[in-house]
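Here are my notes on the model, point by point. Please read them with the structure open.

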Amino acid sequence: MDLHDKESQDGEIVPVVIIGNGPSGICLSYLLSGYTPYLSAEASHPNPLLHSKLGEQPQLSLLEQDLEYLCEGLEGRSSNPVAVLFDSLLLPDSDFGLDHTSPLEWRYEPERATPHLVLGKGPPGGAWHAMEGSMLTLSLANWMELPGLKLKDWMRDKRRNVRNDRATPAEIASYYQHYVSQMSLEQNFACGTTVTSVTRQPGSQEGSPPYGSSVSEEVPFSLLAHNVVLATGTHDIPARLGVEGETLPFVCHSFWELEAAICRGELDQSSDPVLVVGAGLTAADAVLAAHHLNTPVYHVFRRSVTDPGLIFNQLPKLLYPEYHKNLRGRSSPSSPPSHTSSSSYPGYLSFPRCRVVAFRPDRKCVLESESGQRTVVQISKALVLIGAHPNLSFLTDNGRPLGIYPNEPVTCRRNPIDADPFTNSVLAADGPGLYAMGPLVGENFVRFLKGGALAIASDLAKKRREGGVRESGDVITDRLLDGRATTHREVVIGS
Ligand SMILES: *[C@@H]1O[C@H](CO)[C@@H](O)[C@H](O)[C@H]1NC(C)=O
């Protein structure tokens, strides 16, 4: 059945619509398709307290347990408690590079399945498909994996010798796509769709929602949903510094512009340095990419080199030797003395605790240290990689009212969507049934966004146990989604 048929059926309301088909959406689809985690009988968890709590009601699936109770006292690298819990159950002790077996056992219980639809612009895997890099990702490959299919096993089948525990973005994208077919989730995915608006249905709806038809390639659609999950990720609109000269042609805002320049042969060891602004994973990838070409790099970021909040300092040294070798290079003399070691990459110069003041047309960049000292550097290219904003144009006022600071744009870092930590329901929503997950609620790592899927699936399961959302007298919380689908054929839902 395609989207066109689905929406034209009178009064059919989809129980759950997930907007976004990246790893968040895929993971939630898995849980909503009847794949249910239990504590396996012979399992042990290295955390004795968690182990004993899990053993209290082993007959219950994780979706029926009190997540808040299980989360108590757990600590980890995410501020989201359910994310830490689920991560610790899927990959116990992985922070120590240990491969402890997960105590979870996944049972397929189709009677638990909740009909749902995952809408996304491209193929399943979301932004990972745009990352056609040859670079190794900076994240540990098994942190990228979704429940039920070991990334390592899949990679081993795919390529002969796995060099290390990391994978390229292209491999990750391909893994996600394979996952969707292996788990038979395809029928829930409507790819090639763009949601243009989500509005709450006032009162009871009469007849079918408005529907228009068009002969153009893009076909409009409308859907009604009891629950809507925002899982779009935040990679749509690159963040800007907001400084003079930022629109000059040598100033780029995406890693892919660097790759394009590399492909055109614009950068080599004789080039003026590439200026990389930012201290996230993408910035690190850009530094390493320039390093591969022996192009000198100036690396500007606001934190100090030793700041534990710096993403580089969160990466285990053992697993990222080239990062620790290369990005621990020299700091500029103007910046405060910092932890340095001999670098094998003399072309690297970092400017910690600095900001960009302006870019000039003659490819000069003005930097300013915390103490106000200015430095002018000559560069070949600038890469501003300071994060990205989500495109929530389909929500009222671009979703601003849902953020922690409702007057500012929603961003992953500074202003994520304010959601309940144990259910992921959006606190400022105009009624129940609106959820958000992944980067939209501030979760950057695939490793941790699975927690959002668990929280949402548990809440939906609880609603179902408590009599569903459609009991008469219930507040009508349905939402109407409008959007465009690129072609009919790609858009397959239901069965
Ligand atoms: C946000 O998405 C909408 C719908 O796809 C699109 O029309 C708009 O141009 C996007 N906005 C930005 C700033 O990219």
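1. Start with the contact of α5 with α11. On the α5 side are Val82, Ala83, Leu85, Phe86, Asp87 and Leu90, and they meet Arg447, Phe448, Lys450, Gly451, Gly452, Leu454 and Ala455 of α11. The residues of this contact divide into eight nonpolar, two polar and three charged. Nonpolar means Ala, Val, Leu, Ile, Met, Phe, Trp, Tyr, Cys and Pro; charged means Asp, Glu, Lys and Arg; the others, Gly among them, are polar. Contact here means C-beta atoms, placed from the backbone, within 7 Å.

2. A word on the source. This is a predicted model, in which local features need pLDDT of at least 70, side-chain atom pairs count only at pLDDT 80 or more, and totals for chains, interfaces and linings use all residues. Residues are numbered from 1 along each chain as its sequence is written.

3. Now the geometry of that helix pair. The axes of α5 (residues 81-90) and α11 (residues 446-465) come within 7 Å and cross at roughly 110°. The two helices are therefore roughly perpendicular to each other; that label covers 65 to 115 degrees, while under 35 is roughly parallel, over 145 roughly antiparallel and the rest oblique. Axes are lines fitted to C-alpha atoms, for helices over the stretch in contact, and angles run from 0 to 180 degrees between N-to-C directions.

4. The overall make-up. The protein has eleven helices and 20 strands. These are DSSP runs numbered from the N terminus: helices are H or I with at least four residues, strands are E with at least two. Of the 495 residues, 43% count as buried. Buried means 20 or more other C-beta atoms within 10 Å of the residue's own, exposed means 12 or fewer, and partly exposed lies in between. Among contacts between residues at least 6 apart in sequence, 71% join residues at least 24 apart.

5. Which residues touch the most other members of the largest nonpolar core? They are Val17, Leu28, Val229 and Met437, in a core of 81 residues. Helix α11 gives the largest share of this core, nine residues. A separate core has 34 residues, among them Phe255, Phe351, Cys354 and Leu367. A nonpolar core is a set of buried Ala, Val, Leu, Ile, Met, Phe, Trp, Tyr and Cys residues joined through C-beta atoms within 7 Å.

6. Look at strand β1 (residues 14-19), where Val14 sits. Val14 counts as buried because it has 23 C-beta neighbours inside 10 Å. Val14 and Leu224 are 210 residues apart in sequence, yet 6.2 Å apart in space, C-alpha to C-alpha. Leaving aside neighbours within four places in sequence, Val17 is in contact with His116, Leu117, Leu119, Leu223, Ala225, Val228 and Leu481.

7. Helix α2 (residues 23-32) deserves a look. Ten of its ten residues are buried, so α2 is largely enclosed by the rest of the structure. Gly34 follows α2 and has a positive phi, near 105°.

8. Check two loop residues. Most residues other than glycine have a negative phi. Arg363 has a positive phi, near 65°, and lies in the loop between β14 and β15. Asn424 also has a positive phi, near 65°, and lies in the loop between β18 and β19. Buried or partly exposed: what is Arg363? Arg363 is partly exposed, with 19 other C-beta atoms within 10 Å. Asn424 counts as buried, with 31 C-beta neighbours inside 10 Å.

9. Last, the ligand. Around it are Thr194, Asp236, Ile237, Asn391 and Ser393, each with its C-beta atom, placed from the backbone, within 6 Å of the ligand. By class, this shell has one nonpolar, three polar and one charged residues.

Notes:
Two residues are in contact if their C-beta atoms, placed from the backbone, lie within 7 Å.
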